Amino acid sequence: MAELRTSVRNRSAVGRFQGATESNGQAVLEKEGGVKEVKQEGFCRRWLRKACPCCCRRQSTSCDVTSEKDADVAKDGETPSPTPDVPQPHVGDRELEGLALIVRSVDLLSSKSGQNRREHHTDKYHGDELIIRRGQTFQVALDLSRPFNVNTDKLQLDLKTGSQPLVSKGTHVIVPLVEELQDLCWEAKIVEQNGNRVKLSVNSPANAVIGKYQLTVATLCPERDSVTTHDPSKDVYILFNPWCEEDTVYMEKDEEKEEYVLNDIGRIYYGTEKQIGARTWNFGQFQEGILEASLYLLDKSEAFPAGRGDPVNVVRVISAMINAQDDYGVLVGNWSGDYEDGTSPTAWSGSVEILKKYHQEGGVPVRYGQCWVFSGVTTTVLRCLGIPTRSVTNFQSAHDTDVSLTIDVYFDENLEPINKLNLDAVWNFHVWNDCWMARPDLPPGLGGWQAVDSTPQETSQGTFRCGPASIAAVRSGQVYLSHDTPFVFAEVNSDKIYWQKNLDGTFTQFDQEKNVVGHCISTKAVGSDKRADITDLYKHPEGSDEERIAVETACRYGTKPFIYASPTAEDVSLEVKVEGEGPRMGSDAHLKIAVKNRSAQTRTATLHSQVAVMYYTGVLKDTVKREKLNVEVSPNEEKIIDWVLPYQDYKNLLVDQAVLMLTLSGRVSETKQVLASQTIFRLRTPDINIQPVGEAYVGQQASAQLQFTNPLPCTLHNVVLHVEGLGLRSRHPITVGDVAKHATVTVTDHFIPSLAGTRKLVASLDCKELTQVHGVADIVVRESK
């Protein structure tokens, strides 16, 4: 049998039964030397001939032929002497050789509560298909037309994925039968045999192509062969396996796998670094239709199926397919504020409806999304496919448009911003994804978390996508490594450089800020709803030698490699302070400007202030207010200036995120030092307060009360509340109508829970005058009485 095992794994035999050659599409056994075995009489006929030789004679030299005397008597019409009874023969090896081996049925043992689904951590997926993870053994049972003879019968499984399955590409898999499972390769072993039923234990390699496979079973006995017909209900779904050490997405800690693969609810952060908001997001990666929709994205991308064994390729494809910018992907981005022909990005609170709508409508992009929506859907798809993923928010996130790895701000001779040149931007927040994988394509030590961004900002190799970029490479400034590491580095650790136009049209650098981007990088904590700050994963502590070395290393590969040759004066500084939780929507905004003089002489300066409404992407919409301030600061003094923005000045100019940017610039008279500062602040919005009403039981109507207060001194028009909760209810709109100024609205939502346990009910408000209003509450659902 040792020789058999060796030959079964021989690649030259792939696609054929061992010891068989092809003849008109049928396998014919050959003996040594190439002489074909003569086809024997079938078992059924041989048994009948022995049991009743008078009914089934044949010309032969065998011992059951009648004698000449008997033949003569028969000729004369006489009855021959009776033949002794022949006992029914035992069905042994020789007898089974002549009986066709047919697969009557295939049982994939795919029940959600069965061994396969539980051991592969796929029991949460909807439906009863066989969903397994690569690099791990699974079981299959076969019902045959007769008992399987290990000495003479042969059997193999065929798995095919993609439109043109090829053995050479790993998309057509031949699974041979072996005595022992030894290697991390495709192989199967009989582990149980009971009459005509056999159970197989099947291995798959840890680098198998993921996707939906069609399954067939082929059998061969010495007399003939047969192949079962493919049954669509017998499809096999193969996913990445973070539980398998040989898989490149392997994650060691169980609690992290529970969070980043199996958790179907998360939190996404927004706002500003000093006013961080959070909203609950239903990823729903196990819901009905989501696995099919996720695989549909891979098919629609037209990327070769052979590349789906590498998570680097898969996340790069998904990064491109989540946005519709150039390939009719899932979501259309819209930052205009006009969403009448679609859904406002702030109204979404989960990925399920988006993905199902896209799939069911045959790939028509869904309207609309912004960065947190792109990120939420990306988390859903990658977790569904088995790649550990999380949504990550970067506050003060830079958008470098010229690969200088700096954020350049240009002023004219009078220190007025030159808006047409200020293409670089700093978003007050930006949401992308981290996904976990080894990076064998990069130098050692650069695996682990990788940044992936599906929001369409800049193209990568001609397509709107970003990543995966090694976070370790970003931290050390190794921006020359793939994929898109320079762009991610600039988002989290670029310096802001201020330029002033000279009379001859050239520009001179007059200041730089070193700690303006990449603050409070946040994600949901493992095992809780708390915020985890992961800034230290992306960058060294600001101002440390390591951080400065990383910045200067990175900039050597940018378009302005000598940017740090010119020093700047630093004896006077500007800082804008936001007290407490910050300004509230509908009220005057109060900030404090601190001017600090670290020299031993008095300093005087003229400050120009400009406050503008800004989209969270860093694009300015309208200037709200301008003013000039004269400041005199004594030696070693810090002077505090109260700055106020009345509600009446900004009430009609706000956009979705209600973000304002204060720009300060000035010149110190005594030293000609130029001062510059930009500060972004958010106007806080109220939460929706959700309270359960009574107890909740599976299958019985339950209720929750939703309440919110209009913070504005004006009426909110056409207010709609969207409510949803996994295991509680599907997404459901509640029309509220107009809400008067400062009025409080209370509504009651009724629903019928379908799952027991602690579930989250999520609500979001949709209206033109007020956005980013949402709430969440835990609903404890008990089993029915």
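Strands here are DSSP runs of at least two E residues, numbered from the N terminus. Gln772 sits in the loop between two of them, strand S41 (757-766) and strand S42 (774-782). The model is predicted.

**Backbone angles at two glutamines**

Most residues other than glycine have a negative phi, and most peptide bonds are trans. Gln772 has a positive phi, near 55°. Gln396 also shows a positive phi, about 60°, and is not a glycine. Gln396 belongs to strand S17 (residues 389-399).

Are these glutamines buried or exposed? Buried means under 20% relative accessible area. Gln396 has 10% relative accessibility, so it counts as buried. Gln772 has a relative accessible area of 5%, so it is buried.

| Peptide bond | Omega |
|---|---|
| Arg367 to Tyr368, cis | near 5° |
| Ser482 to His483, cis | near 0° |

Tyr368 lies in strand S16 (residues 366-369). His483 is placed in a loop, between helix H11 (471-476) and helix H12 (485-493).

**Helix H10**

Helix H10 covers residues 371-385. How many of its 15 residues are buried? The count is 15 of 15, and H10 is mostly covered.

Its length can be checked. The helix has 15 residues, and at 1.5 Å a residue they should span 21 Å. The expected span is 1.5 Å times one less than the number of residues. Just after H10 comes Gly386, with a positive phi of about 105°.

Key:
Residues are numbered from 1 along each chain as its sequence is written. This is a predicted model: local features need pLDDT of at least 70, side-chain atom pairs count only at pLDDT 80 or more; totals for chains, interfaces and linings use all residues. Side-chain values use heavy atoms; hydrogens and water are left out. Helices (H or I, at least four residues) and strands (E, at least two) are DSSP runs, numbered from the N terminus. Buried means under 20% relative accessible area, exposed over 50%, partly exposed in between (1.4 Å probe, protein chains only).
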